[in-house]
Amino acid sequence: GYVCTPSGALLAVADTDVHLRDLGEGGVPPVEFALNFTDAGGRQRRLECKVVESPPPFELPAGKGRIHERIAEFRLDGVAGIGVSEFMYRAPGVRPLAAVD
């Protein structure tokens, strides 16, 4: 992911204290989570997320997986916002194209 600063700069997430693959283990995305991360500028940040609306997941064609897109309240370094929390689960044996090539 990335952070968009008030000046419009985009800073990539360089590192997190949580392995994102461990969030939502078992195919059920968390309703709340928090993590600390370092942005590409070296700044330590704190992200908190609380889902407020969760429509049914989008099923991918041919049973390849599903995508959960949920409306959530966020706090980034204490500043409140709203956005989308997205989790994608691939079916066993399905790999991204880059891994196949």
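Colleague: How many salt bridges does the count come to?
Modeller: The count comes to 4 salt bridges. Keep in mind that this is a predicted model.

Colleague: Which residues are linked in a network of salt bridges?
Modeller: Asp39, Arg43, Arg45 and Asp77.

Colleague: Take Arg43 and Asp77. How do their side chains meet?
Modeller: In a salt bridge, at 3.7 Å from N to O. The pair links distant parts of the chain. Arg43 is in the loop between S3 and S4, while Asp77 is in the loop between strand S6 (65-76) and strand S7 (79-90). They are 34 residues apart.

Colleague: And Asp77 with Arg45: how far apart are the closest N and O atoms?
Modeller: 2.8 Å, and that pair is a salt bridge too. Here again distant parts of the chain are linked. Arg45 is in strand S4, Asp77 is in the loop between S6 and S7, and 32 residues separate the two.

Colleague: Is Arg45 buried or exposed?
Modeller: Arg45 is buried, because its relative accessible area is 10%, and the cut-off for buried is under 20%.

Colleague: What about Arg43 and Asp77?
Modeller: Arg43 is partly exposed, with a relative accessible area of 47%. Asp77 also counts as partly exposed, at 30% relative accessibility.

Colleague: Why would such side chains pair at all?
Modeller: Side chains of opposite charge can pair when their charged atoms come close.

Colleague: Which residue does Glu48 meet in a salt bridge?
Modeller: Arg46, with 3.7 Å from N to O. Glu48 is partly exposed at 34% relative accessibility. For Arg46 the relative accessible area is 34%, so Arg46 is partly exposed.

Colleague: Let's do strands. Which residue stands opposite Arg46?
Modeller: Asn36 does, with Arg46 in S4.

Colleague: How many bridges join S3 to S4?
Modeller: There are 7 bridges between S3 and strand S4, residues 44-53. The two strands run antiparallel. They form a hairpin with 4 residues between them.

Colleague: What's in the turn?
Modeller: Gly42 is in the turn, and Gly42 has a positive phi of about 90°.

Colleague: How is S2 joined to S3?
Modeller: By 3 bridges, and the strands run antiparallel. S3 covers residues 32-39. Thr16 stands opposite Phe37 in S3.

Colleague: How do side chains sit along a regular strand?
Modeller: In a regular strand the side chains alternate between the two faces of the sheet.

Colleague: New topic. Where is Thr5?
Modeller: Thr5 is in the loop between strand S1 (2-4) and strand S2 (10-16).

Colleague: Is Thr5 buried or exposed?
Modeller: Thr5 is buried, because its relative accessible area is 17%, and buried means under 20%.

Colleague: Which side chain does Thr5 join in a polar contact?
Modeller: The side chain of Ser7, through a polar contact of 3.0 Å.

Colleague: Last one, Pro57. Where is Pro57 found?
Modeller: In the loop between S4 and strand S5 (58-59). Pro57 is partly exposed, with a relative accessible area of 30%.

Colleague: What is Pro57 in contact with, leaving aside neighbours within four places in sequence?
Modeller: Arg66, Ile67 and His68.

Colleague: And how far is Pro57 from Tyr89?
Modeller: They are 32 residues apart in sequence. In space, Pro57 and Tyr89 are 10 Å apart, C-alpha to C-alpha.

Technical notes:
Residues are numbered from 1 along each chain as its sequence is written. This is a predicted model: local features need pLDDT of at least 70, side-chain atom pairs count only at pLDDT 80 or more; totals for chains, interfaces and linings use all residues. Side-chain values use heavy atoms; hydrogens and water are left out. Buried means under 20% relative accessible area, exposed over 50%, partly exposed in between (1.4 Å probe, protein chains only). A polar contact is a pair of N or O atoms within 3.5 Å; within protein, one must be able to donate a hydrogen and the other to accept it, and residues adjacent in sequence count only if both atoms are side-chain atoms. Two strands pair if DSSP finds at least two bridges between them. Contact means heavy atoms within 4.5 Å.
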